[in-house]
Amino acid sequence: MSKSQYQAPKGTRDIMAPETNRVSALLRLFEETLNSGGYNQIISPIFEDIGVFQRLGHSSEIVTKEMFDLFDKDPKNPQHLVLRPELTASICRAFAQHRPVTPWKVWYEGPQFRYEKPQAGRYRQFLQVGAELLGSPDPHADVEIISMASRFFQKTGLANTKLLLNSLGDTETRGNYNDALTNYLNLNQVNLSEQSQETMLKNPLRVLDSKREKDQEIIQNAPFITDFLNDDSNKHFQIVQEGLSLLGIDYDLAPRLVRGLDYYTKTTFEFVAPNLDTAQNAVGGGGRYDGLVEALGGPPTEGIGFAIGIDRTLLACEAENVSQSVDNIEIFIVDTTGGGEALVLSDELRQIGLSVDRSFDQRSMKAQMKAADRSGAQLAIIIGTDELNENQVTLRDLRGDGIQTVLDRQSLAKILPEMLQETTK
Ligand code: AMP
């Protein structure tokens with residue numbers, strides 16, 4: 001096959017059936033989980049003013065290197081926009097703009113855009129689902145948010161996903177820790193990678209995020225942030241851990257977990273799928289960000305949330321051999337009388353809630369039966385000249401041993417739903 005003139009842009013991909021069916025199944029599970037917790041969906045713009053994301057902090061690569069820029073065409077208002085690289089900042093912007101009643105509990109799904117070096121599990125356009133809870137400092141809010149993500153992974157059937165938990169403390173804690181870490185990194189500066197030496201000057205904490213081999217030994221021996229938690233931060237962290245234990249949610253303490261964005265305070269967490277490559281094994285993560293709404297011009301408002309990467313969750317499902325239940329077509333109509341019967345009957349059956357497909361182009365019986373098999377339908381309804389004259393149809397079980405039954409056409413709407421239940425038993 002010759003290559004077509006245009007390809008999907010670098011770092012993007014066309015997701016098609018059957019993968020789209022697995023994506024929809026995951027989205028449905030997510031929606032169910034979050035709705036059960038009293039979270040409502042929010043649909044916010046795919047592009048925002050660049051300033052919204054700049055509030056996330058200038059030492060974050062997402063902000064400094066990875067945003068896709070857009071410019072408003074209006075010469076009177078040449079606004080600098082970007083495709084959103086994540087959604088927490090957009091949601092805090094929406095909160096500051098609309099001032100909803102707190103606690104404000106929302107979930108979202110949609111594409112995010114980051115100008116990254118594409119590789120397996122790392123794309124320039126990827127799909128995330130997530131949730132945010134704004135307006136409560138209660139550590140049980142942290143537990144609820146983590147439980148939502150954890151229950152979602154549980155429902156997908158993934159058995160090996162691990163929850164890593166840490167606390168970055170409050171501003172006082174971070175200040176004290178920053179001093180200790182800076183001293184430590186200064187002493188070891190010559191042994192750090194060039195990039196980490198640069199990061200160190202902007203935000204020493206972010207050095208702990210480095211996956212570069214050269215930095216690993218220094219990171220291993222760095223002081224633990226959890227040794228610097230003040231009483232308030234420590235108490236918060238203890239209640240979060242107790243809450244998770246009460247819900248039977250396992251976690252590993254990960255004192256080096258600082259996560260990508262600068263605005264996190266107190267609880268941070270990540271879900272990793274050990275079956276994936278280390279560089280791309282995070283399937284989700286989140287944390288508390290008590291200062292972000294205020295930074296975006298809203299009232300002082302606490303917040304906690306998470307984001308889960310759907311593309312990576314699918315990769316983790318593949319690696320663990322977990323399959324999502326995929327909705328196949330239930331009925332395939334094979335009409336050798338010209339197609340008019342297939343047209344009317346498919347519409348009739350779709351209206352009573354069945355999923356029905358058919359062939360076009362007046363193809364041969366053999367070709368239509370082949371298409372019926374390929375469709376994954378449970379039953380084929382066959383209409384030939386004899387059936388048409390007698391006002392009957394022949395029903396063929398495509399999953400079992402191919403048993404055929406002749407039925408009155410009028411009785412179909414009544415009998416089919418029952419029969420389909422029988423064949424799925
Ligand atoms: P983050 O917003 O960076 O905390 O990412 C949350 C989750 O989104 C990660 O755990 C990944 O599963 C997923 N993710 C982040 N960046 C990418 C990317 N470039 N390609 C695919 N998935 C991503």
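**Close-up views of a predicted model**

Figure 1. Eight strands make up an open sheet with mixed pairing, in the order E1-E5-E6-E11-E10-E9-E7-E8. Its edge strands are strand E1 (40–41) and strand E8 (252–253), each of which pairs on one side only. Further along the order, E7 is joined to strand E9 (residues 265–272) by six bridges, and these two strands run antiparallel. One of the pairs to look for here is Leu 163, whose bridge partner in E9 is Phe 271.

Figure 2. When neighbours within four places in sequence are left aside, the residues in contact with Val 283 are Phe 153, Thr 161, Phe 271, Val 272, Ala 273, Leu 276, Ile 308, Gly 309, Arg 312, Thr 313 and Ala 316. For scale, the C-alpha atoms of Val 283 and Glu 242, which are 41 residues apart along the chain, are separated by 24 Å.

**Figure 3. The second largest pocket and its lining.** This pocket has a volume of about 290 Å³ and is lined by 15 residues, of which Ser 150, Gln 154, Thr 161, Ile 249 and Asp 250 lie nearest its centre. Helix H5 (139–156) and strand E7 (162–167) each supply at least two residues of the lining, and H5 gives the most, with four residues. By residue class, the lining divides into seven nonpolar, four polar and four charged residues. Thr 161, one of the residues nearest the centre of the pocket, is also in contact with Val 283.

**Figure 4. The two faces of helix H7.** In helix H7 (residues 194–202) the buried residues are Ser 196, Thr 199 and Met 200. Seen down the axis of H7, these buried residues fall within an arc of 105°, so they line one face of the helix. An α-helix has 3.6 residues a turn, so residues three or four places apart point the same way. The face of H7 turned away from the buried side carries the exposed residues Glu 194, Glu 198, Leu 201 and Lys 202, whereas the buried residues of H7 pack against helix H6 (171–187) and helix H8 (213–220).

**Figure 5. Helix H13 and strand E12.** Helix H13 (residues 365–375) has as its buried residues Ala 367, Gln 368, Met 369, Ala 371, Ala 372 and Ser 375, and these pack against strand E12 (331–335), strand E14 (379–383) and strand E15 (392–397). Just after H13, Gly 376 takes a positive phi of about 80°. E12 is mostly covered, five of its five residues being buried: Ile 331, Ile 333 and Asp 335 lie on one side, and Phe 332 and Val 334 on the other. Three bridges join E12 to strand E13 (residues 356–358) in a parallel run, with Phe 332 standing opposite Asp 357 in E13.

**Figure 6. Arg 409 in its loop.** Arg 409 has its place in the loop between strand E16 (404–408) and helix H15 (412–424), and at 15% relative accessibility Arg 409 counts as buried. Not counting residues up to four places away in sequence, Arg 409 touches Glu 341, Val 344, Leu 345, Glu 348, Asn 391, Gln 392 and Val 393.

Notes
Residues are numbered from 1 along each chain as its sequence is written. This is a predicted model: local features need pLDDT of at least 70, side-chain atom pairs count only at pLDDT 80 or more; totals for chains, interfaces and linings use all residues. Side-chain values use heavy atoms; hydrogens and water are left out. Buried means under 20% relative accessible area, exposed over 50%, partly exposed in between (1.4 Å probe, protein chains only). The arc is that of the directions from the helix axis to the C-beta atoms. Contact means heavy atoms within 4.5 Å. On a 1 Å grid over the protein atoms alone, a cavity is a set of points where a 1.4 Å probe fits but cannot get out, and a pocket is an open set with protein on both sides within 12 Å along at least five of seven lines; lining residues have an atom within 4 Å of a point. Grid points are joined across faces, edges and corners, and a volume is the space filled by probe spheres set on the points. Ala, Val, Leu, Ile, Met, Phe, Trp, Tyr, Cys and Pro count as nonpolar, Asp, Glu, Lys and Arg as charged, and the others, Gly among them, as polar. Two strands pair if DSSP finds at least two bridges between them.
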